[in-house]
Amino acid sequence: MTVETQEETYTLDEVLATIAASHKLVLWNDDTNTFDHVINCLMKHLQYTETQAEKIAWTVHTEGKCIVLEGTYTEVEVYRKILKSEGLTVSVE
């Protein structure tokens, strides 16, 4: 019995792309922030449109959380700190 294997090769960009997008910024529901404040923060800091930000706010309200950004750990952590400074409840997964 003979077993044949095939070697797969990847570019550095391909490898980094799979690693880079592995972190998520999660916005959590809380009893402190108003819909308007959440929507304004998403538009101001993450450049969501008003319609997109409203949809995210409703998702957070009804489901308890919503992923608002995916990217490198550094990128996600920067936005976590920004949104936290605005009083929002956020975490990195």
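This is a predicted model: local features need pLDDT of at least 70, side-chain atom pairs count only at pLDDT 80 or more; totals for chains, interfaces and linings use all residues.
Buried residues account for 27% of the 93 residues. Below is a quick tour of the overall build, then a look at two buried residues that touch each other, valine 38 and asparagine 33.

**Overall build**

- The protein has four helices and three strands, and reading along the sequence you get α-β-α-α-β-α-β.
- The radius of gyration is 18 Å, while the globule rule gives 12 Å for 93 residues, so the protein is more spread out than a compact globule.
- Along the principal axes, the C-alpha trace spans about 65 × 25 × 20 Å.
- Take the contacts between residues at least 6 apart in sequence: 69% of them join residues at least 24 apart.

**Charges**

- The protein carries 7 positive and 16 negative charges.
- The mean position of the positive charges and that of the negative ones are 9 Å apart.

**Valine 38**

- You'll find valine 38 in helix 2, which runs over residues 35-46.
- Its relative accessible area is 11%; the cut-off for buried is under 20%, so valine 38 counts as buried.
- Leaving out residues up to four places away in sequence, valine 38 touches Leu27, Asn33, Ala57 and Leu88.
- Threonine 2 is another story: valine 38 and threonine 2 are 36 residues apart in sequence, and their C-alpha atoms are 61 Å apart in space.

**Asparagine 33**

- Asparagine 33 sits in the loop between strand 1 (23-28) and helix 2.
- With a relative accessible area of 18%, asparagine 33 is under the 20% cut-off and therefore buried as well.
- The side chain of asparagine 33 makes a polar contact with the side chain of aspartate 30, at 2.8 Å.
- A polar atom of the asparagine 33 side chain also lies 2.9 Å from the backbone oxygen of glycine 87.
- Again skipping residues up to four places away in sequence, asparagine 33 touches Val38, Glu86, Gly87 and Leu88.

**Putting the two together**

- Leu88 turns up among the contacts of valine 38 and also among those of asparagine 33.
- Gly87 is on the contact list of asparagine 33, and the backbone oxygen of glycine 87 is the atom that lies 2.9 Å from the asparagine side chain.
- So what does valine 38 touch besides Asn33? Leu27, Ala57 and Leu88, once residues up to four places away in sequence are set aside.

Conventions. Residues are numbered from 1 along each chain as its sequence is written. Side-chain values use heavy atoms; hydrogens and water are left out. Helices (H or I, at least four residues) and strands (E, at least two) are DSSP runs, numbered from the N terminus. The radius of gyration is taken over C-alpha atoms; the globule rule is 2.2 Å times the number of residues to the power 0.38. Buried means under 20% relative accessible area, exposed over 50%, partly exposed in between (1.4 Å probe, protein chains only). Contact means heavy atoms within 4.5 Å. Lys and Arg count as positive and Asp and Glu as negative; His and the chain ends are not counted. The place of a charge is taken as NZ of Lys, CZ of Arg, CG of Asp or CD of Glu. A polar contact is a pair of N or O atoms within 3.5 Å; within protein, one must be able to donate a hydrogen and the other to accept it, and residues adjacent in sequence count only if both atoms are side-chain atoms.
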